[in-house]
Amino acid sequence: ITNPQARVDTTSYTNSGLASMARVELPDESIVSIPTIGADTAIKCVGDAANDHVYHEATVANSTEYTFSGYLYLSASTATGVRLYVKAPTGGSKASSSTHSTTGAWYRFSVTTTTDSAGAWRLAFLQVGAGAVTFFVTGLQVEAASAASTYFDGFTPGCTWTSSANGSTSTRAAPSGDRFSAIIADLQTAMHKIVDKKGTIRREVVNVDDIILFDLVKDRKST
């Protein structure tokens with residue numbers, strides 16, 4: 001999927017009935033980032049009625065099993081909740097998840113279905129009932145598979161963007177020689193930048209509020 005974390009803007013995300021939709025940097029309003037997938041941006045959605053939703057489209061082939069997934073965070077627990085649904089270009093919901101209504105952690109939705117037409121299918125996060133609901137979404141993924149794999153995009157070590165970063169889809173090689181070599185190359189490049197440019201590293205502990213900042217300096221070798 002393109003722009004899976006809304007790192008730069010809201011391109012490819014469409015507001016359908018929401019009171020507001022905007023890109024935000026995490027943490028926002030105490031909504032933590034997701035260091036396990038490298039996500040520190042998200043789409044913030046404010047809904048106030050049933051069926052308010054945000055959706056993203058992905059081009060798929062016909063007669064193929066796909067898994068649609070994405071991460072959701074509710075700013076507060078709600079009796080109505082939000083669910084993920086998948087819609088074909090011809091209209092109508094083709095598959096949907098159970099409803100999630102609890103705050104406190106990021107939740108990954110995952111829906112698997114076999115397509116009956118080619119084209120741009122919608123991956124949508126939908127408010128189930130009436131009332132004010134604020135939710136955040138990021139880390140969207142669509143893959144020709146029977147289950148959701150570990151999240152990746154073009155910035156994940158060993159993976160690549162098919163074209164422009166964030167503006168294109170991503171590919172991940174099989175977990176063998178090519179992928180291993182690519183991971184090593186990506187990590188070496190990152191370490192070279194750290195050594196050469198200095199700067200800061202931010203470490204966020206999963207499920208813990210602590211954020212640790214490391215100031216990086218060039219090595220001062222003694223003689």
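**Ground rules**

I number residues from 1 along each chain as its sequence is written, and my side-chain values use heavy atoms, with hydrogens and water left out. Since this is a predicted model, local features need pLDDT of at least 70 and side-chain atom pairs count only at pLDDT 80 or more, while totals for chains, interfaces and linings use all residues.

**Entry 1**

I started with strands, taken as DSSP runs of E with at least two residues, numbered from the N terminus. I call two strands paired if DSSP finds at least two bridges between them. As a reminder to myself, strands of a sheet pair through backbone hydrogen bonds, either parallel or antiparallel.

I find an open sheet of five strands in the order β1-β4-β9-β6-β7, with antiparallel pairing. At its edges stand β1 (13-16) and β7 (93-96), each with a single partner strand, so one side of each has no neighbour in the sheet. On average, neighbouring strands here are turned by 30 degrees against each other, direction ignored. For that angle, axes are lines fitted to C-alpha atoms, and angles run from 0 to 180 degrees between N-to-C directions.

β1 and β4 (residues 53-60) run antiparallel and are joined by four bridges. Opposite Y13 I see H56 in β4.

**Entry 2: the sheet with β2**

An open sheet with the order β2-β3-β10-β5-β8 is built from five strands, and the pairing is antiparallel. Its edge strands are β2 (20-25) and β8 (107-114), each pairing on one side only. Neighbouring strands of this sheet are turned by 30 degrees on average, direction ignored.

I followed β5 (residues 65-74) to β8: the two run antiparallel, with eight bridges between them. F68 has V111 in β8 as its bridge partner.

**Entry 3: R83**

I picked R83, which lies in β6 (residues 82-87). What does R83 contact, leaving aside its neighbours within four places in sequence? I get S96, S97, S98, T99, F109, A124, F125, L126 and V128, where contact means heavy atoms within 4.5 Å. A124 is 41 residues from R83 in sequence but 8.3 Å away in space, C-alpha to C-alpha.

R83 is partly exposed at 22% relative accessible area. My scale: buried is under 20% relative accessible area, exposed over 50%, partly exposed in between, with a 1.4 Å probe and protein chains only.

**Entry 4: salt bridges**

How many salt bridges does the whole structure hold? The search finds four, a salt bridge being a side-chain nitrogen of Lys or Arg within 4 Å of a carboxyl oxygen of Asp or Glu.

- D153 and R7 have their closest N and O atoms 2.8 Å apart. D153 lies in the loop between β10 (133-143) and β11 (159-161) and R7 in the segment before β1, so the pair ties together parts 146 residues apart in sequence. D153 is buried at 1%, and R7 is buried at 18%.
- R122 and E57 come to 3.4 Å between the closest N and O atoms. R122 sits in β9 (residues 119-127) and E57 in β4, so parts 65 residues apart in sequence are tied together. R122 is partly exposed at 23%, as is E57 at 38%.
- D116 and K94 have their closest N and O atoms 2.8 Å apart. D116 is in the loop between β8 and β9 and K94 in β7, so this pair ties parts 22 residues apart in sequence. I note D116 as partly exposed at 45%, and K94 likewise at 34%.

**Entry 5: rings**

I count five aromatic pairs. Rings of Phe, Tyr and Trp (its six-membered ring) pair if their centres lie within 6.5 Å; planes under 30 degrees apart are stacked, over 60 edge-to-face, the rest tilted.

Y66 and F68 have ring centres 6.4 Å apart and planes at 50 degrees, so the pair is tilted. Y66 and F68 are buried. Y73 and W106 pair edge-to-face, at 5.5 Å centre to centre and 65 degrees between the planes. That pair links distant parts of the chain, with Y73 in β5 and W106 in the loop between β7 and β8, 33 residues apart. Y73 is buried at 8%, and W106 is buried at 16%.

Ring pairs also link Y107, F109 and F125 into a cluster.

Back to R122: it lies over the face of Y55, 3.8 Å from the ring centre. I count a charge as over a ring if NZ of Lys or CZ of Arg is within 6 Å of the ring centre and within 35 degrees of the ring normal.
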